[in-house]
Amino acid sequence: MIYITGDCHGDYRRFSTDIFPEQKKMTKDDFMIICGDFGLWDESGEQRYWRKWLSQKQFTTLWVDGNHENYDLLKSYPVEQWSGGNVQVIAPHIIHLMRRADIKG
């Protein structure tokens, strides 16, 4: 399954099972795609908590950066190949899908 949503701005409560009960039937092979403004801002305890919480969901989160990301922090993550494109694994099962302009080389 593939679900798509927009701007989270670091607020991932929409992925609670109360609000999004469909996830109960999902697996890590299913995807939630966030189209911009995921909310990668810093390495604070709060941000790490929410990334861990999201990593533990039944699905894999894929996201494209928006204008409300910390691009300096994003550059610190290694670039990997996945499914034919460049990605950055932010946390287990949280994958940043890099834009074509981000591809180096």
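Predicted model: local features only at pLDDT ≥ 70, side-chain atom pairs only at ≥ 80, totals over all residues.
View 1. The side chain of His96 makes a polar contact with the side chain of Asp65, at a distance of 2.7 Å. In the order of the sheet, β1-β2-β3-β6-β5-β4, strand β6 is placed between β3 and β5.

**View 2. The whole sheet, from one edge to the other.** Six strands make up an open sheet with mixed pairing, and their order across the sheet is β1-β2-β3-β6-β5-β4. Strands β1 (2-5) and β4 (80-82) are the edges, and each has a single partner strand, so one side of each is left without a neighbour in the sheet. From one strand to the next, the twist averages 35°. Strands of a sheet pair through backbone hydrogen bonds, in either a parallel or an antiparallel sense.

View 3. Which residue of β2 stands opposite Ile2? The residue opposite Ile2 is Phe31, and the two strands concerned, β1 and β2 (residues 31-35), run parallel and are joined by four bridges. On going from β2 to β3, the pairing is again in the parallel sense, here over five bridges, and Thr61 in β3 is the bridge partner of Met32. Strand β3, which spans residues 60-64, is mostly covered, with four of its five residues buried. In a regular strand, the side chains alternate between the two faces of the sheet.

View 4. Leu73 lies in helix α2, which runs over residues 71-75, and with a relative accessibility of 13% Leu73 counts as buried. When neighbours within four places in sequence are left aside, Leu73 is in contact with Leu40, Trp41, Asp42 and Glu43. For one of these residues, Asp42, the C-alpha to C-alpha distance to Leu73 is 7.0 Å in space, although the two are 31 residues apart in sequence.

View 5. Val79 is found in the loop between α2 and β4, where it is partly exposed, with a relative accessible area of 43%. Apart from neighbours within four places in sequence, the residues in contact with Val79 are Asn86, Val87, Gln88 and Met98. The C-alpha atom of Val79 is separated by 10.0 Å from that of Leu97, and these two residues are 18 residues apart along the chain.

View 6. Most residues other than glycine have a negative phi. His9, in the loop between β1 and β2, has a phi near 50°, a positive value in a residue that is not glycine. Ser83, which lies in the loop between β4 and β5 (85-91), likewise is not a glycine and has a positive phi of about 50°. Is Ser83 buried or exposed? With a relative accessible area of 68%, Ser83 is exposed, whereas His9, with a relative accessible area of 32%, is partly exposed.

**View 7. The chain as a whole, for orientation.** The chain has two helices and six strands, and from the N terminus on, these elements follow one another as β-β-α-β-α-β-β-β. The radius of gyration of the chain is 13 Å, close to the 13 Å that the globule rule gives for 105 residues, so the chain is as compact as a globular protein of that length. Taken along the principal axes, the box filled by the C-alpha atoms is roughly 40 × 30 × 20 Å. Of the 105 residues in the chain, 42% are buried, and the accessible surface comes to about 6200 Å², with 54% of that area belonging to carbon and sulfur atoms. Among contacts between residues at least 6 apart in sequence, 67% join residues that are at least 24 apart.

Methods. Residues numbered from 1 in each chain as written. Heavy atoms only, no water. Pairing = 2+ DSSP bridges. Axes fitted to C-alpha atoms, helices over the stretch in contact; angles between N-to-C directions. Rg over C-alpha atoms; globule rule 2.2 N^0.38 Å. Buried < 20%, exposed > 50% of the residue type's maximum accessible area, 1.4 Å probe, protein only. Contact = heavy atoms within 4.5 Å. Areas by Shrake-Rupley, 256 points an atom, 1.4 Å probe, with all protein chains shown as cover. Polar contact = N/O pair within 3.5 Å; in protein donor to acceptor, adjacent residues only side chain to side chain.
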